[in-house]
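I opened this entry to record what I looked up, starting with the core and ending with the chain contacts.

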Number of protein chains: 2
Amino acid sequence: MSKSASVSQAAGLLRDSDRILVLTHQYPDGDTLGSGFALCHALRKMGKLCRVECADNIPEKYTYLYETMPPCPPFDAAFICAVDVADTRLLGNALQPYVGHIDLCIDHHGSNTQYADWLLLCPDYAATAMLICEVIRELGVPIDKSIATCIYTGIATDTGCFKYSNTTAYTHRMTADMLDQGIPSEMINRTMFDIKSRARVELERMALDNMRFYLSERCAIMAITLQMIDQSGAGEDDMEGLAPIPRQIEGVWVGVTLREKRDGSFKVSVRTGNHADASAICRVLGGGGHIRAAGCTVDGPLDKATQTMLDAVRTIIGR
Amino acid sequence: MSKSASVSQAAGLLRDSDRILVLTHQYPDGDTLGSGFALCHALRKMGKLCRVECADNIPEKYTYLYETMPPCPPFDAAFICAVDVADTRLLGNALQPYVGHIDLCIDHHGSNTQYADWLLLCPDYAATAMLICEVIRELGVPIDKSIATCIYTGIATDTGCFKYSNTTAYTHRMTADMLDQGIPSEMINRTMFDIKSRARVELERMALDNMRFYLSERCAIMAITLQMIDQSGAGEDDMEGLAPIPRQIEGVWVGVTLREKRDGSFKVSVRTGNHADASAICRVLGGGGHIRAAGCTVDGPLDKATQTMLDAVRTIIGR
């Protein structure tokens with residue numbers, strides 16, 4: 001169990017530390033990276049040594065989050081802070097050596113496994129980046145354009161650009177404060193939400209072709225197989241944002257995306273409307289997440305993975 | 001030429017009037033309907049007779065905008081206000097008898113043709129609904145849940161859910177004020193942006209199959225033919241939101257959607273990034289709109305329509 005930290009306690013821990021290592025989750029997204037780099041910008045502005053680590057390569061489209069950051073000499077970490085990482089397993093293999101030595105975790109996942117000494121957790125917030133914004137304000141570092149760009153990225157990506165139910169009046173007000181800094185929000189949104197490579201468009205079309213409906217059409221399952229990925233020429237960057245597609249079909253309560261991995265297992269994303277709890281479905285299979293968006297991993301082959309997911313969905317929505 | 005009205009002058013004109021008819025544009029969208037019904041809610045709360053008219057049937061998904069409105073007896077209009085209508089041609093055939101008798105227009109299209117006696121215009125605003133919000137505040141009518149629901153709908157739909165470049169800090173702050181009223185934003189966003197019928201998914205797939213690239217791949221043209229519409233079973237409601245698709249492809253500056261009409265002509269939507277002016281392209285062909293989103297109509301058949309559009313695009317982007 002972690003000790004529960006308030007925003008000011010978290011800021012206090014960071015203020016009293018130096019040589020700070022910020023850890024993000026594998027398959028990094030806009031919230032973990034936006035949170036990590038916002039915090040890193042702020043701590044460096046305070047004169048501290050700080051760097052961000054991620055088990056995976058950071059996709060090129062996120063370069064703008066850190067390209068304005070001055071270089072920082074190498075250092076041995078004296079304080080380790082994980083951001084947007086609900087479970088140490090999500091750190092990925094490369095960061096496993098840090099497990100057991102994480103001083104602070106800042107997160108918005110209700111499913112956080114409390115692995116850090118201190119935990120600043122707010123499951124009501126749409127994004128971890130919102131907590132980071134509050135911590136930076138508490139540290140007394142002005143939110144400048146670089147920091148605002150990172151925080152905006154975290155909020156926009158985790159709310160589906162302000163579309164999801166986690167978006168509140170406070171989310172919009174904090175976002176307005178970020179826009180006051182003259183951030184390139186159009187570029188960010190175009191990069192995060194609009195631009196699709198031709199390989200991605202091809203992959204989407206193949207995936208749509210193979211979408212199937214189950215449980216009185218309440219459940220749609222879309223598979224992304226290795227064959228589709230290879231045939232379309234899609235890279236890792238082209239895979240993001242596929243998960244919401246099945247749930248977007250009229251009448252669908254539970255949208256499931258199954259993505260085949262090289263080891264033959266399937267990475268599962270579950271998305272739900274207000275009729276079902278995605279997190280409950282994934283917990284049945286050892287996963288977790290939010291009420292409307294959750295994930296887990298299941299064994300292949302595809303037929304078996306599909307059946308596993310249908311059984312789990314049926315357990316929760318009961319038909 | 002119209003007389004230019006400030007927000008308080010527009011509010012004054014409405015305050016001094018009764019039996020008010022609010023006109024919306026044909027092929028109604030969230031902003032014209034959200035604006036119209038927000039204004040109608042407010043004017044009825046002031047005890048005035050007011051109704052909204054549209055040349056086309058209002059798609060069922062917009063029912064929530066007016067279902068809480070108490071009935072209003074029939075009346076002959078004494079004051080006519082058009083909302084979000086840039087040009088009288090956009091009123092559609094059924095509302096043409098009102099042309100020449102429109103007292104006030106409230107709009108955010110820079111291309112407004114100044115057909116009304118008074119014009120409240122703010123091209124910097126993302127949505128006409130933002131002007132309507134200011135007018136209602138000026139009228140002294142509290143922004144309640146019904147009104148906030150309408151205004152949110154206008155803002156969210158015209159900003160692509162806060163994604164487009166027209167979204168400012170003020171847009172987010174006004175939206176936060178609307179969310180303070182406890183509006184069903186999740187339902188609205190799901191209805192406006194997420195839910196797709198299976199016919200729509202099918203139509204999208206066919207359209208993607210037929211997308212073509214021109215002008216060093218800077219221009220993508222997607223055609224929606226009558227045959228595709230018939231084959232997919234798509235209805236009018238299923239057509240919305242197709243226009244942004246071609247511009248979303250990596251490297252595309254100008255995305256063009258050509259939709260075949262029953263008379264053999266094509267309704268054209270042009271979307272651009274920051275490399276080209278959509279409005280300039282459409283003006284070449286007698287249309288208009290915004291810098292990133294504009295429209296026009298061109299003659300068929302498809303080959304000819306495609307060539308017409310390519311010539312117009314080449315005129316503007318020059319290759």
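By nonpolar core I mean a set of buried Ala, Val, Leu, Ile, Met, Phe, Trp, Tyr and Cys residues joined through side-chain atoms within 4.5 Å. I keep in mind that this is a predicted model.

**Core**

I looked up the largest nonpolar core and found 114 residues in it. Of these, I151(A) and I151(B) touch the most other members. I then listed the contacts of I151(A), leaving aside neighbours within four places in sequence. They are A38(A), A129(A), C133(A), I136(A), I143(A) and M178(A).

Next I checked T153(A), which sits in helix 4 (residues 145-158) of chain A. Its relative accessibility is 0%, so I count T153(A) as buried. Beyond four places in sequence, T153(A) is in contact with G30(A), Y64(A), L65(A), I188(A) and M192(A).

**Interface of chain A and chain B**

I turned to the interface. Each side is listed with its own count: 36 residues from chain A and 36 residues from chain B. The two chains bury about 3700 Å² between them, with 50% of it on carbon and sulfur atoms. K163(A), H172(A) and R198(A) supply 17% of the area that chain A buries against chain B, more than any other three residues.

I counted 27 residue pairs in polar contact across this interface. On the side of chain A that touches chain B, helix 5 (169-179), helix 6 (185-194) and helix 7 (198-209) each supply at least two residues. Helix 5 of chain A gives the most, with 7 residues. That side of chain A divides into 13 nonpolar, 8 polar and 15 charged residues.

**Salt bridges**

I get 32 salt bridges over all chains, and 14 across the interface of chain A and chain B. Which residue does D180(A) pair with? I found R173(B), with the closest N and O atoms 2.6 Å apart. D180(A) lies in the loop between helix 5 and helix 6 of chain A and R173(B) in helix 5 of chain B, so the pair joins two chains. I read D180(A) as partly exposed at 46% relative accessibility, and R173(B) as partly exposed at 30%. R137(A), D177(A), D180(A) and R173(B) are linked in a salt-bridge network. I also noted a salt bridge between D177(B) and R173(A), at 2.7 Å.

Within helix 7 of chain A, R205(A) and E202(A) lie 3 residues apart, about one turn of the helix. Their side chains meet in a salt bridge of 2.2 Å, N to O. R205(A) counts as buried at 15%, while E202(A) is partly exposed at 27%.

Conventions. Residues numbered from 1 in each chain as written. Chains lettered and ligands numbered in written order. Predicted model: local features only at pLDDT ≥ 70, side-chain atom pairs only at ≥ 80, totals over all residues. Heavy atoms only, no water. Helix = DSSP H or I, 4+ residues; strand = E, 2+ residues; numbered from the N terminus. Buried < 20%, exposed > 50% of the residue type's maximum accessible area, 1.4 Å probe, protein only. Contact = heavy atoms within 4.5 Å. Buried area = accessible area lost by both parts, 1.4 Å probe. Salt bridge = Lys/Arg side-chain N within 4 Å of Asp/Glu carboxyl O. Polar contact = N/O pair within 3.5 Å; in protein donor to acceptor, adjacent residues only side chain to side chain. Nonpolar A, V, L, I, M, F, W, Y, C, P; charged D, E, K, R; others polar.
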